[in-house]
Amino acid sequence: MGKTSDLTAVQKTIIDTLHKEGKTQKVIAKEAGCSQSSVSKHINRQAKGRKKCGRKKCTSSRDNRTLQRIVTTNPFKNVGEIHKEWTAAGVSASRTTTRRFMKDMGFRCRIPCVKPLLNMKQRKKRLAWTKDKKDWTDAEWSKVMFSDESKFCISFGNQGPRVWRKSGEAQNPRCMRSSVKFPPSVMVWGAMSSAGVGPLCFLRSRVNAAVYQEVLEHFMLPAADQLYGDADFTFQQDLAPAHSAKTTSTWFKDHGIPVLDWPANSPDLNPIENLWGIVKRRMQYARPNNAEELKTTIRATWALITPEQCHRLIESMPRRITAVIEAKGAPTKY
């Protein structure tokens, strides 16, 4: 006669069948070839409404809803702050229990996505721009030279506060931080096309129209020769004051270079933003000691960007445009 845990699948099936037929446990035990106590335990375990073993939960469903409301209302609070607010509501639970319950609810502590704030006017312009460009082919986008500035710091470890969110909530507005477009820092200017990347320019001072035109003269024009040769191209830039200045517009006209119209606050439409991300991820574990070492690391990492990577990013333009149209002008995952 075996124990309940030793019952085979066949024996359990016989017990369940005979029990439904109303047979006594003594008869069932004889037919199944096991002890009567094993039959009794198996039947009791299969009985509906039987309470689970283990310690009783210290919180109620109402307490759990309170916790979820606290996290959802302010997802940027840390576990200590959430636990303090939850216990202040009359719940008796440890900090470890608080964290475990948050995890059971599906919340994970993640670095929040950073997206620019867009007003309705900017969203409408983005939507109109994408609708106008939705029929552009890869060949047309390959004629565009994309450019941008980006900030590089000696340390990449400080990424700001984290956020509690569930799977699929990365783009939820309440789980995102707003970015400042031009924080006070040393910037790096770069350009790319489907053929590859151009030379980098390290900006030593604040970028005004005069400084930007020097960048165009000494870095953009060589990049155009490198990437396009004698072929025609269109230059892309954002709407920073130095870029949209009248003297800058005159510079482009004098050099016969067409400029692509561009919606404001639209880094998600610019593939070079993804290129900056690739460079920074590759530099994640680099620890330059000074600005010169940082520049050397940036140049070396930038040089590793292949034309294939650039071509794939340019090919993503139709998908970016479709995503903005579907989002009705709102920021997208790109």
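Hi everyone. Residues are numbered from 1 along each chain as its sequence is written, and side-chain values use heavy atoms, with hydrogens and water left out. Since we are looking at a prediction, local features need pLDDT of at least 70 and side-chain atom pairs count only at pLDDT 80 or more, while totals for chains, interfaces and linings use all residues.

Let's begin with the helix pair. Helices (H or I, at least four residues) and strands (E, at least two) are DSSP runs, numbered from the N terminus. H1, residues 9-20, packs with H2, residues 25-32, at an angle of about 150°, their axes 9 Å apart. Axes here are lines fitted to C-alpha atoms, for helices over the stretch in contact, and angles run from 0 to 180 degrees between N-to-C directions. The two helices are therefore roughly antiparallel, a label for angles over 145 degrees. Who meets whom? From H1 come Gln11, Ile14, Ile15, Leu18 and His19, and from H2 come Ile28, Glu31 and Ala32; contact means heavy atoms within 4.5 Å.

Next, H6, residues 95-104. Its buried residues are Thr97, Thr98, Phe101 and Met102. They span an arc of only 135° around the axis, which puts them on the same side of H6. The arc is taken over the directions from the helix axis to the C-beta atoms. Buried means under 20% relative accessible area and exposed over 50%, with partly exposed in between (1.4 Å probe, protein chains only). On the other side of H6, Thr96, Lys103 and Asp104 are exposed. The cover over the buried residues includes helix H4 (61-73), helix H5 (79-88) and strand E4 (163-165). After H6 comes Gly106, with a positive phi near 100°.

Now look at H11, residues 246-255. Which of its residues are buried? Thr248, Trp251 and Phe252. Down the axis of H11, these fall within an arc of 95°, so they line one face of the helix. Lys246, Lys253 and Asp254 are exposed on the other side. The buried residues of H11 pack against helix H9 (209-228), strand E9 (234-235) and helix H10 (241-244). Just after H11, Gly256 has a positive phi of about 65°.

That brings us to Phe235, in strand E9. Buried or exposed? Phe235 is buried, with a relative accessible area of 0%. Leaving aside residues up to four places away in sequence, Phe235 touches residues including Trp189, Tyr212, Leu216, Met220 and Phe252. Thanks, everyone!

How values were computed: Angles under 35 degrees count as roughly parallel, over 145 as roughly antiparallel, 65 to 115 as roughly perpendicular and the rest as oblique.
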